[in-house]
Structure formats: C-alpha cells, structure tokens
Amino acid sequence: MKTVHSIVLVSILFIIACHTTYAQIEKDTIVASQYYQKADSLLTEREYDSSIEYFTKALPIYQKAKAWEKVASCYNKISENQWRNEKLEKSLSNAKKAIEISDRYLKKDNEEAYAYDNIGEYYYKASEYNKALENYEKSLQTKLKMLPKNHLHITESYTKLGNIYNEYGDFDRALKYFKNGLEINQNIFGEEHEKTANSYNNIGVMLQKKGKYDMALQFQDKALAVRMDLFGKNHPTIAKSYNNIGNIYIEIETYDKALKYYKKAIAINQNVFGINHPRLIASYHNVGIAYHKVKMFDKAIQFYTKGLNIILNRFGENHLFTAHSYNNFGKAYEELKNYSIALDYFIKSQNIYKNKLGENNVIISRAYNYTALAYAKNKEYNKALEHYKKAILSNSNQNGVVNDYQNFGHFLDLNRLLISLEGKARVLKALYEERNNTKDLEESIKAYRKANRIMNAIRQSLSNRKDKVTFAKTAKKVYQGAIEAQLLLYAYQKNQQSLKSAFDYAEKSKGNTLKELLNDANAKDFSGLPMNVLELEKEHRIDHAFYQSRINKEQSSKKQDSAKIKEYENKLFDINRRQDSLTQVLEKNYPKYHQLKYQNDIVTVADIQQQLDNKTTVLEFFTGDSISYAFTISKNNIAVQKLATPKLTEQVEDFRKSIIDQDVKSYKKQASALYNKLINPIADQLVGDQLIIVPDGPLWHLNFDVLLTKQDDSNNPALLSYLLKDYAITYANSANLLFAPFKENLESKVLQDCLAFSFSDSTQTGETRAISMETLRGVGGDLPGTRKEIKAISDIIDGQYYYGSQAVEANFKKNAGQYNILHLALHGEVDNERPENSRLYFTKNKDTIEDNLLYSHELFALDIPAELTVLSACNTGTGKIAKGEGIMSLGNAFQYAGTKSLLLTNWEVSDKTTPEVMKYFYRNLKEGMNKGKALQQAKLQYIAAADINRTAPFYWGAFYLVGDAAPMHFENNSVLYWILGLGILAILLLSIMWYRRKKKS
C-alpha cells in the first residue's frame, strides 16, 4: 500500500513539476518573443549590433524550449546582421548552424533557404562568386518548391543572382533576373515602394553596362524619385542613386554633372557612416574617375587613395575591390605616361581577378584590355597583342576558343569585345608603320572588319535614339582607324577597292541613327504588321510626344508644379517601357520586320556613280581631331585627299561670327583660308557645276558657298569671289540616305501645292481666318515681317496660308501631310543640350488644343511626305554636332517624318531680305530648275539686285538645302483654265443663239 501511495505521490509531484516547468518555459518563451521582435525592429532600422544582442538573448531560451524553427531563425537573423556589419566569418558560422538545425529538426525548408542566402552573402562579400552562386541557386530552388512564384522571398533570390551575374559580367542574365524581380515587386508592393525602387536601380545599372545610357537614366531617375518620397534627401539609398546616376553621366561624357552627383553621395554617406566606412569606397573612386576624365590626375589619385585605404583596412589585399582600385590607379598613371607604374597596377589587378574569378569573364577581359593599351602606348606592340588576344578569349564562353565572328552569342560583352578588336587593329596598324610588313596591315584590316560587324550587332541591341547617338561616338573612332588602314593599303597597292572600302567606312560613320529610324518606319510599312499593332505603336509615339511636351511646358513655367512634372515623368517612363516591350515582341514574332529594320546595306560607289550626271560631284568629308579626309566621287572617278585640319571647330565658329558681325576684313581672311584648307586641295577633282557636300563634325556649321576662291582686294560684297558663283551646292546627311532613299516604294498620294505659316505677334481677333495664296496676291499695303515673305511667294505658287490667330500648331498638324511644300516662316529655337526639345514657335495667341510650340520630338509622331520643307526661321539648320551622326537640328525630325528635302538657315535671317531671296527661289523652282540650282541662282539674283548695304553674306548666305535636289513638279493649270474659259464662252454663245431663234419663232 505504501508503495502505491509512493508512486501516486511521485506522479503528483512529477505532474506539478512538469506543470511548473511548462509554465516557466511558456513565460520564458514570451520573453524570448519580445527579444525577437525587438531585434527584428532593430534590424529593420539598420541597428545591426543591437539587433544581434537581442537575437542572442532570445536564442538560448528558444533552444531550451526546443523551438527549433525559432532557433534556426535566430541563427539566420544573427548571420544576416553580421554580414551586413562586415563580420563575415561569424556570419558564415551562424548560417551553417541554421542549416544544421533545419536538417536535424525541421521538415520545413524556409529557414534552410534563408541560411543558404546568408552563406551566399558571405561568399559574395568575400568575392568568391562561384560558391556564392551555388548557395543562391540552392536557396532559390528551395523557395520555388515551397512558395508561390510571386512571393517576396523569390524576388530576393532573383536580386542576389542578378548581382552575381553582374559581377561575372553576364549582364544579359543579370538583367533577366532583375526584371523578374521587378515584376514580382510591382505585383506585391506597387510602384512607390523601396523594393520596387531597388529593382529600378538594379535594372538601370545593367542597362548602363550594356551601353543603353538613356534608358538607364530613366530607370535611375525613377528609383531616385521613389526613394526621395520614402526617405527624404539624406538617406543612404539616395546616395546609391546619386552614385549610379553619376556613373551614367561619366559614360556620356557629362563630367560636371557626374561630379555633382558623386559629391552629393559622399556628403550623405559621410554624414550617416563616417569618413572611413565601406559605403564611401564607391563614392571616393567615382569622384576620382570624374577628375581623371577632366585630366585632373593629382585630385583623381588623391580620391583613389582614400578609397583604397578603406578597402585594405576592411578587406585586405586579395579582394575584388582592391583589384578595381588598382585598375583606377593604373589608368591614371597610364594617362600620365608613367607606363611602368601603370603596368604594375594592372598586373596586380589581373592576378586578383584570376584568383577570384578564373579566366572566362568580362572583368578579367577588361583588365587585359587595360594592360594591352598601356603596352601599346609604351610601344611594346607584341605584348599589347598578346593581352588583346587574352582579352578576347576571356570574353568568350567557349573555353578559350574563338573562331566565329558571325554569330556573337558566345561572347559575354560585345562592347568589351569591340574595345579588344579595335585595340588589336590599331596595334597591328602601328606595327605595319614601324616595320613595313604588309601581313600586319592585312591582319589590321581583318580586325577592323570584325569590329564593324560587332558595331552592327551593338546598334541592333539599342532601341533608344539617344543611346544610338551616344554609341556613334565610339563607332566613329573605330571607323577612323579603319579608313586609315585602307588608305595605307591603297598607298601600297594602288588598288581602287581599298579606296572604295575607305569611303564605305566614312559612309558607315554618318547618319546611322536617322537611317535606322527610317529603316524602322520602312519596315513597319512593308513587313505586313497587323493594323492594330501599327496603331498601338503610333499611339505610343503620340503619347510620348504629348507627355514630353507637357514636361517641357511645366519646366519652362515660372511657377513649376513639381507634382505635375512627376506625374508626366511617370507616364513617360511607362510609355517608354511599353514601347521597348512592343519592339522586342515585333522583332521576335515578325522576322520580315526584323530583317527590314536591320538591313545594313551601304550604297556602293558604283551605285552613286550610276545616279550622277556629268555635271555633279559628291564631296564627302570625314573629320578627325586634327586630320580630315575629303572623298570626291564623280561620274567616272573616285579620289581621296588627306587634309590637315587642326582647330577646325574654332576656325568654323570664328568664320560664322565674322559673317554675323559683318566684319569684312576678318570674313575675307577666314573665307579664303577655309577655302584653301578644304576645297583648293581637291578642286581639280570637282567635275561640273553642281556639288553635293556630305559634311562631318563642325563642317555642318559651314555654308560652303560663302567661301572665297581668291584673296579679293575689293570690299564690295557683290564683287567677291564666292564659291557660290562656281557651284550650286546642296548637302546630305550621308550618301546612303541621299542615293538609296527610304519609303520610295510607297504609293504617292496627290498633294496640294503649298501650306504656309507665318509667326505673328498679333493676337487681335480680327485676324482669325486662313486664306488662300491666290487671295493673298491681291492684298495691298505694307505687310509686317514674315507675312511679307509669304506674300512674295504667293505670286508664284498656289496653296493655303495660316497667319495671326489661325497660325496655330493644331492647324499645322491637321494639314501638314496634305501638301507638297511646307513653308514655315516661324521663329525657331535650338536646344543644344537636348536637341529633341528644339522647337518652332507659331503665334503668341493661345491654342486651345496645343501649346503652339512644335518640338522636334513631336515630329517623330507625324507623317509629312512633302517634297520640300522650307524652315526660313532663325537658326533652323543649326544644332548640336553629334560625333558620327552630324547635326542634331530640327531638320532631322522633318526628314524622319518623310520630307525629301529641307531649306534651312545657319544663322539669324533678316525679315527685310528673306522675302526677296524666297521670291527668286520659288520663281526658279517654278521655271524647272532643280532645288540646288534654284537656290544658287536666287542668291546670285538677290546680290545683283539688292541695295549695296544689304549684299553681304549675312543677308543671303544663311540658307542651305539638305536632301533631294531634284526639280519640283508643279501642276500647270493654265490649259485647264483655257478649256474652262472656252467652254463657258461656247455655252454663252449657244445660249444667245438659242434665245434669238426662240424669239424669232
């Protein structure tokens, strides 16, 4: 019995003890949960040390309670805090403990996936990317098994994998992961969230590395705007945005803006983290790069040193950050021509890269390129070639074998490959000039051919117009080397084919953006795209023009509405993304569209000669920094002349200034000097009296017909020896655009003669109607300014004229596609910083539909199939010179819209003399002269008849004609009028006869 009582008593005591223990555990677990929640909030607030302290307090309590999921979670959270706080070894240890707990006690995979992420972060921070990638992949696969596809943790894995592939230089794969992440973040959080902003930031970085700078800037601006709204101006993520925006400005050579953003980033990071935190590394190096680019090398090295000191203190010698830093030092010393020090730095960086990343990646390829360039500048050509070869092999994913330059899919980065091939070609050319071995020159030419194919592929990858223009600068440098190589071969072999190949490269360097835009428009017309797709694409263009105009209007307002600007920018951002997606779909699903869009045929010299008559010569320039080439093509001959053109830009600008200032002495001196520099050396190659000039670089700001062929003694402008007296001169963006016209197979619709607009200061309601040219002929009195100009041409041609309150943008857009000639006597304004915002002003009267400013970007949404557009406003033919593209003027936009030829002005024209020049020009056109001849004779007629005080080139020399110079075909209605008149007379006579007979009867 006692035994039974004892057992019962023990059982009761055990139950009481268990109850007490469970109660204590439950009580302790509540405390642990409080610690955990506090730690989590501190982690969110980036208080990493304090967060670790509270997770560490919670951990033993959860262990005692055998709450294994919470134990694993604590280890993971502690690990995350530690890698964020740069305590990498401890982070790795705790992440491994989390995996051990998960494997032993848990059936769920979520903590294991989290642990793999943390281990991946350790290896990522230690720049051991292969191991980081392995663990990130394990984490992603684990998450995909247990989570829905649109889960936050999935997008976190996409981001981590994107970061790894970015480090490897596999930007396409990185971009794919970042876009996947963006889609999930938008679905979960919407547009205005920190994680969505991070996705925008990551995509922007990849686009920048792929050379898509304008698109990259759009994404970075979007990320910055969201972060500003969420965190204000002084948050670390704002500094990250500033750094990335600065990087884009470095790439597009806007160094002052880059430096401004970098310094903002430094100020924020120093304020938040102090002056020696790893967050400052990128900012210090970036500022150094900006100073480097503007040749301030002492300051550059000073900032590079600041960054390197932090790296060595925190990460040691064998880290990728260290290698990046060594590259910066190497490039600075290379610029300083201290090649031995530069090479020491480059070789040290190579060794680190090879140790951390292996041989096949873009990063090591870049390092080899740097080393090769330093060897080349030091004239160690064989070592340079050896390193360019290594750079090409490292850029391939074919295990060190590169044979195929037709299909570039096995190269990691085409932009880096282009640098390697261009460098190799340049070194081989230098070797030929040193040792006169023709094999070197032949290999150089082969390398340039490969580079040309790569440039075509890169252009195809760029969907944004600004990015194409930016890439043209790089391309022009390559084409200059290719031209030089072909001309060296021509000098050696005297083979005409080399000369023609040199001309082909000169052609390839011109007007590519305009050509590709016209190709795209042509492809849409002839590739059989569905009508709904075409309508959608046009809708995107119209919407883009609309919101860009609204942004411009708001930014030019005295009281800017920042909320409206932000709303319009968001709309524009979405339109650009939709347009980019649509373009990708079209190229993938409609092969014919893709084929037509990217056809890269260059008109041959034989094609040009076939279209030339015996009176015309094509003169095409290619300008370098101090050397230019003048190619001349006539019916039966092609030749090239090398010209010394140092300080050509300054000389052309001084020449224009002498004309505008009407400084006769200075003008005569410079006009003669420029003639002797540019025309006299090739004068014997100019056949006939008609000259088609394809300018390049600063020559777009030079009206050749006002050059002087002699050193004239006379100061009477009417008697000077203008080139105008010898040649009818017209201009072309490129021979290809002129002799292989686009949209030539489109059905031509019957167009009316002329649509004319003139600017007026008047806003009086009395001037409310448009009138026909015929009615304008009968208007008497002294008409003001531009109306006098339209009155002068109304005596010659028929059409419709809008003035006063009817000269509005809406009327222009409604009618522009229905006329053969557009004559726009409007005020113009060129925006050299943003050429797409150059504009024409209509009238001061408010347009209820439009803003009365016709921007260049709006013309891209219009169809204007005119034979001739006359922009007789001030400076309509001036604009920013884009290397490898030509002048970015209003005229480019009219050409894209479909206009065959343009009459533009190169400086401010006079209201008093323009009507006379225009009258002569249209009269000559009506008489059947081609456009170039009509303009030449109009200028000569004006000089002969004008008051002596208004015969200087300033009054007539601004006008120049771009594009097709063929004669115009006007409807001759005189026969019709005679038939109608005789018909009416016959009816009248018959009526009289009938009446008399009836009266007699």
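Tutor: Begin with the meeting of two helices, where Tyr48, Ser51, Ile52, Phe55, Thr56, Ala58, Leu59, Tyr62 and Gln63 of α2 touch Trp68, Lys70, Val71, Cys74, Tyr75, Lys77, Ile78, Asn81, Gln82 and Arg84 of α3; contact here means heavy atoms within 4.5 Å. Helices (H or I, at least four residues) and strands (E, at least two) are DSSP runs numbered from the N terminus. The model is predicted, so that local features need pLDDT of at least 70 and side-chain atom pairs count only at pLDDT 80 or more, while totals for chains, interfaces and linings use all residues. Residues are numbered from 1 along each chain as its sequence is written, and side-chain values use heavy atoms, with hydrogens and water left out.

The axes of α2 (residues 48–64) and α3 come within 9 Å and cross at roughly 160°; such axes are lines fitted to C-alpha atoms, for helices over the stretch in contact, with angles running from 0 to 180 degrees between N-to-C directions. That angle makes the two helices, α2 and α3, roughly antiparallel, given that angles over 145 degrees count as roughly antiparallel, those under 35 as roughly parallel, 65 to 115 as roughly perpendicular and the rest as oblique. The crossing of α2 and α3 is left-handed, a word used if the near helix is turned anticlockwise from the far one by less than a right angle, whereas clockwise would be right-handed.

Leaving aside neighbours within four places in sequence, Gln82 is in contact with Ile52, Lys87, Leu88, Lys90, Ser91 and Asn94. Of these partners, Ile52 is also listed among the α2 residues that meet α3. With Asn94, the side chain of Gln82 makes a side-chain polar contact at 2.9 Å; a polar contact is a pair of N or O atoms within 3.5 Å, where within protein one must be able to donate a hydrogen and the other to accept it, and residues adjacent in sequence count only if both atoms are side-chain atoms.

Cys74, which also takes part in the meeting with α2, is buried at 0% relative accessibility, and Cys754 likewise counts as buried at 0%. A disulfide is a covalent bond between the sulfur atoms of two cysteines, counted here when a pair of those sulfur atoms lies within 2.5 Å, and the structure holds 0 disulfides.

Other helix pairs can now be set beside this one. The axes of α17 (residues 362–377) and α18 (residues 381–394) come within 8 Å and cross at roughly 165°, which makes α17 roughly antiparallel to α18, and their crossing is left-handed. Among the residues that make the contact are Ile364, Tyr368 and Leu373 of α17 and Tyr381, His387 and Ala391 of α18. For α9 (residues 194–209) and α11 (residues 236–251), the axes come within 11 Å and cross at roughly 20°, so these two helices, α9 and α11, are roughly parallel, again with a left-handed crossing. There Glu194, Asn201, Val205 and Gln208 of α9 meet Thr237, Lys240, Asn244, Asn247, Ile248 and Glu251 of α11.

Lys295 sits between α13 (279–293) and α14 (297–314), is exposed at 52% relative accessible area, and has a positive phi near 70° although it is not a glycine. Asn436 is found in the loop between α19 (414–435) and α20 (438–461), counts as exposed at 57%, and has a positive phi of about 60°, again in a residue other than glycine.

Finally, the whole chain gives the setting: 39 helices and 17 strands, with buried residues making up 54% of its 1001 residues. Among contacts between residues at least 6 apart in sequence, 69% join residues at least 24 apart.

Methods. Buried < 20%, exposed > 50% of the residue type's maximum accessible area, 1.4 Å probe, protein only.
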